Amino acid sequence: MSAGSLFHAPLAWLDGRWQPDVLLHVGPDGHWLDVRAGLPAPDAAQRLPGPVLPSLVNAHSHAFQRAFAGLAEQRARDSDDFWSWRERMYGVALRITPDQLRAIAAQLYTELLAGGYTQVCEFHYLQHREDGQAYDDELAMCWALADAAREAGIGLTLLPVLYAHAGFGETGLRETQRRFRTDAGWVWRACQRINAAGLPLVSAGVALHSLRAAHPEDIQELQRLVGATAVPIHIHVAEQQQEVRDCVAATGHRPLAVTADYGLDARWQLVHATHSTRGEIDRVAASGAGVVICPGTEANLGDGLADLEGWLAAGVPMTVGSDSQVSRGWVEELRWLEYGQRLGQQRRNVAAAPGRQPSTAARLFEACLQGSAGAAGLSSWGLTPGARADFLVLDPDACGLAGMPAATLLDGLVFASQGLPWQAVFVAGQPRALRDDARLRRYAGVMAECWGD
Ligand SMILES: [Zn+2]
């Protein structure tokens with residue numbers, strides 16, 4: 001067994017600020033033994049050429065939708081919205097095979113690493129064969145994602161999804177949703193099998209597609225099966241105004257309030273949570289649950305703007321996700337998270353907290369750093385002893401970073417950088433490829449199979 005490895009960085013983001021001369025010690029298991037500032041570089045240390053930043057968790061991904069990103073940006077009718085996008089997205093979902101999913105996800109996960117994410121939470125509902133029947137191994141599509149994560153070298157939190165109904169008050173699914181059909185028993189069995197497989201860098205939690213697709217008896221049954229097991233529980237909630245109206249019509253209450261009635265705790269991750277009231281935010285804050293905002297996808301789908309200030313002020317754990325994969329890096333997600341607020345409110349630096357954290361980028365980055373472990377179901381995250389040794393080495397000469405004073409380096413990264421801002425991305429103490437030509441060609445081949453004439 002190796003004794004691990006030592007790195008030394010001129011600067012590293014520790015305890016919410018840049019600190020100089022940081023010695024980073026990775027243990028033989030790929031987790032941090034120690035991270036300490038203000039130390040000289042011993043001879044044995046590898047000197048890193050730029051500032052070190054912890055990576056972030058991508059808390060919401062549907063890998064197969066990578067094959068659809070950019071293909072729904074044309075309008076041939078009077079209006080286009082989330083629901084018409086969804087019908088076209090189903091067209092892709094209905095034809096992808098496990099081999100194709102493996103190729104799509106391997107390329108996506110490589111792009112996510114280049115985007116500064118080293119762990120991805122896969123909200124996975126594309127389970128069955130094209131005809132809706134189970135594969136010989138009912139987890140064939142789950143294993144395809146795990147294979148892709150191993151190939152790219154990214155950490156994976158697999159979240160098999162409970163998807164049982166087409167809408168509030170409807171029983172069962174539509175024909176176009178036949179590949180998604182699961183119940184609480186299926187989801188819990190999948191979660192247990194994936195965890196029992198003991199794959200490196202892979203773990204599982206559970207997910208509920210939404211309140212419209214998982215009815216009260218489904219949700220309660222899954223809660224009963226999960227019990228007190230420490231696995232993350234993700235759910236899409238309050239993404240669309242139409243969903244809010246349907247939920248109020250069916251239950252008399254708004255979606256976040258209905259979700260809170262199930263008894264949330266820190267395992268729960270509320271994806272989107274776009275349409276909220278002050279009272280709902282207070283209830284979520286009191287529960288310890290986190291929110292997962294997907295600014296690129298929410299902009300692309302015309303979902304609306306989350307109450308960023310409300311969530312931040314309430315101290316609710318926050319993460320971002322690439323969701324439909326139109327954007328695959330957290331820099332762009334944080335930029336748009338703030339820009340949406342500026343455009344809507346005609347103000348600047350909305351996320352900043354004067355007196356506590358004047359840097360907008362630092363406030364957003366820290367919020368997502370703090371939310372990362374919980375979203376992925378990991379016990380810790382970041383440059384801290386015990387956490388997996390995942391990190392980014394910034395390129396000090398990158399466009400937007402060269403010559404930047406440390407106090408504004410993170411703002412420069414989020415609001416003024418262009419192109420790849422890091423020289424290297426490490427997972428469990430090992431550098432990862434940020435581009436792989438064979439993987440890219442395989443992905444392009446699958447795209448041609450899906451979309452070629
Ligand atoms: Zn989603």
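A: Helix 13, residues 409-416, is mostly covered, with 6 of its 8 residues buried. Here helices (H or I, at least four residues) and strands (E, at least two) are DSSP runs numbered from the N terminus, and buried means under 20% relative accessible area, exposed over 50%, partly exposed in between (1.4 Å probe, protein chains only). This is a predicted model, in which local features need pLDDT of at least 70 and side-chain atom pairs count only at pLDDT 80 or more, while totals for chains, interfaces and linings use all residues. Residues are numbered from 1 along each chain as its sequence is written, and side-chain values use heavy atoms, with hydrogens and water left out.

The buried residues of helix 13 are Leu409, Leu410, Gly412, Leu413, Val414 and Phe415. Ser417 counts as buried because its relative accessible area is 8%. Leaving aside residues up to four places away in sequence, Ser417 touches Val331, Arg335, Cys399, Gly400 and Gly412, where a contact means heavy atoms within 4.5 Å. Ser417 and Leu401 are 16 residues apart along the chain, and 6.7 Å separates their C-alpha atoms.

Let's go on to helix 14. Helix 14 (residues 437-451) has 15 residues and reaches 21 Å from its first C-alpha to its last, close to the 21 Å expected at 1.5 Å a residue; the expected span is 1.5 Å times one less than the number of residues. Its buried residues include Arg439, Tyr443, Val446, Met447 and Cys450. Seen down the axis, the buried residues of helix 14 fall within an arc of 105°, so they line one face of the helix. That arc is taken from the directions from the helix axis to the C-beta atoms. The face turned away from the buried side of helix 14 carries the exposed residues Arg441 and Glu449. Helix 2 (98-114) and helix 3 (140-152) are among what covers the buried residues of helix 14. At the start of helix 14, a side-chain oxygen of Asp436 comes to within 3.1 Å of the backbone nitrogen of Ala438. This is a polar contact, a pair of N or O atoms within 3.5 Å; within protein, one must be able to donate a hydrogen and the other to accept it, and residues adjacent in sequence count only if both atoms are side-chain atoms.

Helix 2 brings us to Gln100, which is placed in that helix. Gln100 counts as buried because its relative accessibility is 11%. Not counting residues up to four places away in sequence, Gln100 touches Arg95, Val446 and Glu449. A polar atom of the Gln100 side chain also lies 3.0 Å from the backbone nitrogen of Thr97.

Now for the metal site. The zinc ion is coordinated by His60 (NE2), His62 (NE2), His236 (NE2) and Asp323 (OD), at 2.1 to 2.7 Å. Donors are N, O and S atoms within 2.8 Å of the metal (3.2 Å for Na, K and Ca), and water is not among the atoms, so sites may look incomplete. Along the chain, the donors of the zinc ion follow the spacing H-x1-H-x173-H-x86-D. The pair His60, in strand 6 (residues 56-61), and His236, in strand 11 (residues 233-237), links distant parts of the chain, 176 residues apart. Both His60 and His236 are buried. The angles among the 4 donor atoms of the zinc ion run from 83 to 171°, and the site is irregular. Four donors count as tetrahedral if all angles lie between 85 and 135 degrees; four count as square planar and six as octahedral if opposite donors are over 155 degrees apart and all others between 65 and 115; anything else is irregular.

His236 also has a contact with His209. His209 lies in the loop between strand 10 (206-208) and helix 5 (216-226), and His209 is buried because its relative accessible area is 6%. Other residues that His209 touches include Phe123, Tyr125 and Ile235.

One backbone detail to finish: Gln325, in the loop between strand 14 (318-320) and helix 11 (330-345), has a phi near 75°, a positive value in a residue other than glycine. With 0% relative accessibility, Gln325 counts as buried.
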